[in-house]
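Hi everyone, thanks for coming. Let me put the model up on the screen, and then we can walk through a few of its features together.

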Amino acid sequence: VFAVTELAVLAGMHEAPYEQDKNERNNRGLRLLLTPLRNRRFMIAISVMLLYAFITALPGNFFDVYLINEVGISYSYISVCSMIVLPISLIMTAVWSLLLQKFKWQYMLGLAMFGYAFAYFFNLPVTSETPYFYLWIQICCCLFNPCLTIVFSYLPYQHMPEENRTAYLGFHSLATT
């Protein structure tokens with residue numbers, strides 16, 4: 001019943017006309033995929049996200065292995081910590097949303113990155129003698145991570161032209177992955 005209802009709703013939606021680059025030869029193949037590289041303002045915005053994704057993703061998987069193999073934290077403890085911090089993350093998303101409406105996103109992003117880096121730095125004292133510290137670090141991360149998520153969600157749209165948005169969004173998705 002839900003599937004039929006969804007199909008009926010989707011069938012009734014009309015898509016807005018898609019604007020393409022007026023120069024038809026730029027709309028094909030590799031040239032289309034490389035279009036975002038020629039847009040300097042877009043690439044600067046994406047570079048912030050790329051740098052953040054690289055710096056935070058690189059040690060992330062290794063830290064989980066460290067927690068499990070060296071510290072002796074179980075998968076269950078990691079999962080329970082994730083469940084505990086979920087409501088905090090939801091509440092902080094609303095708080096950061098309000099702050100981002102009142103203040104410039106650049107300042108809020110800097111503040112959130114500083115707070116997140118501060119929390120990230122305190123992963124150092126998590127040892128087999130102090131596994132409880134992991135929960136407090138997760139809580140601290142959840143205080144700042146929603147701001148990063150919100151800003152990085154709309155940052156690509158800041159300097160994206162109206163034409164060939166699919167190429168820009170595809171490049172953004174590929175680059176941040």
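Predicted model: local features only at pLDDT ≥ 70, side-chain atom pairs only at ≥ 80, totals over all residues.

**Cysteines, a helix pair and a core**

Let's start with Cys-147, which counts as buried because its relative accessibility is 0%, where buried means under 20% relative accessible area with a 1.4 Å probe and protein chains only. Residues are numbered from 1 along each chain as its sequence is written, and side-chain values use heavy atoms, leaving out hydrogens and water.

For Cys-147, the nearest is that of Cys-142, at 14 Å. Cys-142 is also buried, since its relative accessibility is 12%.

Cys-147 is also among the H6 residues that meet H5, in a contact that includes Trp-105 and Tyr-116 from H5 and Phe-144 and Phe-152 from H6; contact means heavy atoms within 4.5 Å. By class, there are 18 nonpolar, three polar and no charged residues here, with Gly counted as polar and Cys as nonpolar.

Now, the core. Leu-67, Tyr-134 and Phe-152 touch the most other members of the largest nonpolar core, which has 37 residues; such a core is a set of buried Ala, Val, Leu, Ile, Met, Phe, Trp, Tyr and Cys residues joined through side-chain atoms within 4.5 Å. H6 gives the most to this core, 11 residues. Helices here are DSSP runs (H or I, at least four residues), numbered from the N terminus.

Technical notes. Helix = DSSP H or I, 4+ residues; strand = E, 2+ residues; numbered from the N terminus. Buried < 20%, exposed > 50% of the residue type's maximum accessible area, 1.4 Å probe, protein only. Disulfide = S-S within 2.5 Å.
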